[in-house]
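These notebook entries record what I looked up in one protein chain.

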Amino acid sequence: MIQKQMLEYQKIDGELNRIERDLRKSEAYQNIKKYKALRQDYEDTLNRFDAKANELKTKLTQAKQTVAKITTVIQELSNEMSHVESSDELKYMSKKLDEQLKLLSATESEIKDILREGEEIAKKFDEINSKLVAIAKALKTANDDFANQKEAVKPRVMELKSKLDALKPQLDQKLFEMYERISAGKVFPVFVPLSDGNRCGGCRMDMPLGVVETEMQKHGGIMRCEHCGRIMYTAE
């Protein structure tokens, strides 16, 4: 036979569970989850932009170094050309100079592209930071609302927990261990009455009557439902 104290414990614990479920279903709690997810998405985006900005910074440094080298080469070629007397050599030097000028133009164009992309990233960076400020404000409001809701039910929660603490010493240890183990798996209620002689009062599934009668007699009026795992008991 199931302990009345155990059923009373389950009833009180069930009310606690309902309070917690209602809190998690509240608009404030859902907003907290939503704004936290948005914040994480934006922070991830900022991290990607930051990595891209560092990549552009490296490219810009390399491009500027290339410009400096090309400029040096152009200067050297220009100096050499002023002393060239052979037309063939002058033609060759002119060709080399033209190549360097083209490289310089291409590199300068690359620098412009890098700077333009950097400006776009900086703009997006500012936009996301503005959104993060708004999200932080909305998240604080949701947290405050949720805190107020928790505070409103706190007296009842404390009362119920006090009743549970008072009942614990009276409980059959084996039954309580079953309850703790099964309820930890998000199964509730744990103890349910047997219905119609062979039907689980939780999942409403039938079991062989002979098996039920044998198990109930063997275990003192309780048995585990083979379908949902709850503990069935015979009602008085």
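I counted Ala, Val, Leu, Ile, Met, Phe, Trp, Tyr, Cys and Pro as nonpolar, Asp, Glu, Lys and Arg as charged, and the others, Gly among them, as polar. The model is a predicted one, in which local features need pLDDT of at least 70 and side-chain atom pairs count only at pLDDT 80 or more, while totals for chains, interfaces and linings use all residues. Residues are numbered from 1 along each chain as its sequence is written, and side-chain values use heavy atoms, with hydrogens and water left out.

I searched a 1 Å grid over the protein atoms alone; a pocket is an open set of points with protein on both sides within 12 Å along at least five of seven lines, and a lining residue has an atom within 4 Å of a point. Grid points are joined across faces, edges and corners, and a volume is the space filled by probe spheres (1.4 Å probe) set on the points.

For the largest pocket I noted a volume of about 230 Å³. Its lining consists of D13, N17, E20, R21, R24, S183, A184, K186, V187 and F188. By class I recorded five charged, three nonpolar and two polar residues there. Helix α1 (residues 4-25) supplies the largest share of this lining, with five residues. Helices (H or I, at least four residues) and strands (E, at least two) are DSSP runs, numbered from the N terminus.

The second largest pocket holds about 170 Å³. I listed L16, I19, E20, L23, K150, E151, V153, K154, V157, M158 and K161 as its lining. Two or more of these residues come from each of α1 and α3 (87-167), and α3 gives the largest share, seven residues. Six of the lining residues are nonpolar and five are charged, with no polar residue.

I found five helices and four strands in the chain, in the order α-α-α-α-β-β-α-β-β from the N terminus. The radius of gyration, 38 Å, is well over the 18 Å that the globule rule gives for 236 residues, so the chain is more spread out than a compact globule. I took this radius over C-alpha atoms, and the rule is 2.2 Å times the number of residues to the power 0.38. The C-alpha trace spans about 120 × 45 × 30 Å along its principal axes.

I checked strand β1 (residues 191-195): four of its five residues are buried, so the strand is largely enclosed by the rest of the structure. Buried means under 20% relative accessible area, exposed over 50%, and partly exposed in between (1.4 Å probe, protein chains only). Two strands pair if DSSP finds at least two bridges between them. β1 pairs with β4 (residues 231-233) in the parallel sense over three bridges, and V192 stands opposite M232. With β2 (residues 199-200) the pairing of β1 is antiparallel, over two bridges; there L194 has C200 as its bridge partner.

Most residues other than glycine have a negative phi, and most peptide bonds are trans. I noted a cis peptide bond from F188 to P189, with omega near -5 degrees. K186, not a glycine, has a positive phi of about 65 degrees; this residue lies in the loop between α4 and β1 and is exposed at 78% relative accessibility.
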